[in-house]
Structures are given as C-alpha cells and as structure tokens.
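Thanks for coming. Please have the sequence and the model open.

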Amino acid sequence: MVDRPTVSVLVPNYNHERYLAARIDSIINQTYTDFELILMDDCSTDASRAILAQYTIDPRVQLAFNEKNSGSTFQQWKKGIALARGKYLWIAESDDYADSFFLETLVPILEKDDAIGLAYSNSIIVDDESHVTGNMIDWKREFFNSDRWERSFINDGVAEIESYLGSTCTINNASAVLFRKEALLSIGDVDTSFRYAGDWLTYLKVAMKYQIAYSSAPLNFYRNHSQNVSKQAEENSALLLERVLCLGFIYERADSATHQQQRLEQAANEYATIIYRCTRTYWEPMLLAKYMKRLFLWSPLFAVRLHAQLALRMIKGSN
C-alpha cells in the first residue's frame, strides 16, 4: 500500500470480466501516478475476481470484495468512499476506460481552487468493441441548442443547476468525474435507496455547495452496451421515479418561483409517464402505489404539489 495518495481511484465491478483489462490498464497507465487503486467486486459470478487479483502486483492496488451482493452501485460508492484515503476521488466504472491524461488534466483544476467540488471531462461513447459511436458534446448541443460544452468552464454550482444540471444530468457518466472528497463528505452519505439516478442526486448535492468545473478534452470513454445499468434503465419506470425525486430535491431548494415551476412542470411530465405505464401499458397499479409511497416519503410537500399540478392539467384538459 502506498503512502497517503492524492487521488483514490475506485473501480466498483459486477460481472464485467470482459471489460476489466481495458478499464484497469487505463488507470495504471495514467501519466499522473500519485494514486491508490481500490478494486471492488460485488460478488460477481464470472471470472472478475481472478482478473482483479492479478493487479495486486502493483503496490498501489488493494482489493475490496463483498461477501454478499449489495444489489446497488451506490452501496459500492458508499463503501469505496469510506475506504478512500486520497484528497480526490475518481469512481471509475468497471466497463468504461480513460485517456492516459485524465488525472493529469483534472487534478490541477481541483488543486487550484478549493471552492470547486468536482471536475469532469467530455466523454466519448463507445460500443462493446470500443468502436466510437458518439460524443456527449453532440447530445448536449442538441438538447440545449448550445455549443457550451465545446469549451472548458468553471461555474457556480447553483447557477449550473438553474441553467443546465437541474434540467437533466449533464454530467453524463460518473467515470468522467473527479470529486473533491471533502465535498462528498460534506453532503452526507450517498443515498443508497437510489439504483439508477443516485449519481445525478450526488452531483446536485455537491453543486449546491461548490463550484463545478468542466474540461472539454475527451478524456473518458463511456461504454454503451446492453448490460450497463444506464441501458437497462432506459425503459424502467423506476428510473423515471428517481428522476422525479431529483427534481423534487431541486424544487425544494430553488431560490426563484420561476425555477420552482420549471422543475415542477418537468417532474409532472415524467410522473405522468409513470402513471401511464403502470396503468395503461403494463397494468401494474400496485407498482404505482409503491412509487407514490416512495415519493410521499421522500418529500410530502413536493408530492402534494406534484399531484395538484397533474390534477390541474386534467381539469384544464377536460374544459
């Protein structure tokens, strides 16, 4: 084990044996070398653990294997954050990989200003075979009708939420992010009740307290394949519910009525989709009841106003 490192790199893995060599080699080969590497496994059923164990020849590497499957990426985040000794934290998802200059580019950004809670880079989208299929800049240009992400920037976190991050998760991949560990500790534990949108909630919480930095350099390679959590969640109403919860988090903390109404309208759109799926497409009214309960437990006030917003739409639609 190395002396107290500047960066702690966490690799939470579950059944990604196919991608582990590319993932870990891209970390080991970073031009910035002052880091520890914590290889985590959530009881994989493939050959992942044997592959991970091979890397312990490097003194910077340690293993952190679960004895029981946690069932949650964010349980792994929580465990890794507790183990991390570094000043900065990189949660490098096990199916992605990075450019060798990732840390060399982002560490100095955080070093220059303690007010920056996280820095992230542009991401290139690749498939199972690492063929390039897209660029996150293109998606954001289309979504916001803006070329903003073609240039690096630093922005006040609250301002970033009001203009961009509060509308959708513009930090598209956790592997692209370098956190200040102090910032993560300041927001409390990662919310392990989330399965899909816990990353967005974490970014929002950090942005409420810190500035956000972005590098336009394409330093992260996000693998979009059939097995990753994001892909599995695309048609899952549970993801929509977690997005609604994140919008509720923003709504309760918005400092203007306009911003509040924008988030309420957006949440109403996504919640209406959940209702439609559960009652028209899949006929799962008990699942809807479960989602409603979670929403009211998360934020009773927001839940009431959200349902009132939907009721108002129905009244207007009937006239």
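Predicted model: local features only at pLDDT ≥ 70, side-chain atom pairs only at ≥ 80, totals over all residues.

Start with helix H1, residues 17-28. The buried residues in H1 are Tyr19, Leu20, Arg23, Ile24, Ser26, Ile27 and Ile28. In general, an α-helix has 3.6 residues a turn, so residues three or four places apart point the same way. As for length, twelve residues at 1.5 Å each should span 16 Å, and the end C-alpha atoms of H1 are 17 Å apart, which agrees.

Next, aspartate 41, which sits in strand E2, residues 35-41. Is aspartate 41 buried or exposed? Its relative accessibility is 0%, so aspartate 41 counts as buried. The side chain of aspartate 41 makes a polar contact of 2.7 Å with that of asparagine 13, and another, of 2.5 Å, with the side chain of serine 44. Leaving out neighbours within four places in sequence, aspartate 41 is in contact with several residues, among them Tyr14, Arg49, Leu52, Phe65 and Gln76.

Last, arginine 151, in the loop between helix H5 (136-144) and strand E8 (153-155). With a relative accessible area of 46%, arginine 151 is partly exposed. Its side chain has a polar contact of 3.2 Å with the side chain of aspartate 147. Which residues does arginine 151 touch, not counting those up to four places away in sequence? They are Tyr214 and Ser216. Arginine 151 and tyrosine 214 are 63 residues apart in sequence, yet 8.4 Å apart in space, C-alpha to C-alpha.

Key:
Residues numbered from 1 in each chain as written. Heavy atoms only, no water. Helix = DSSP H or I, 4+ residues; strand = E, 2+ residues; numbered from the N terminus. Expected span 1.5 Å × (residues − 1). Buried < 20%, exposed > 50% of the residue type's maximum accessible area, 1.4 Å probe, protein only. Polar contact = N/O pair within 3.5 Å; in protein donor to acceptor, adjacent residues only side chain to side chain. Contact = heavy atoms within 4.5 Å.
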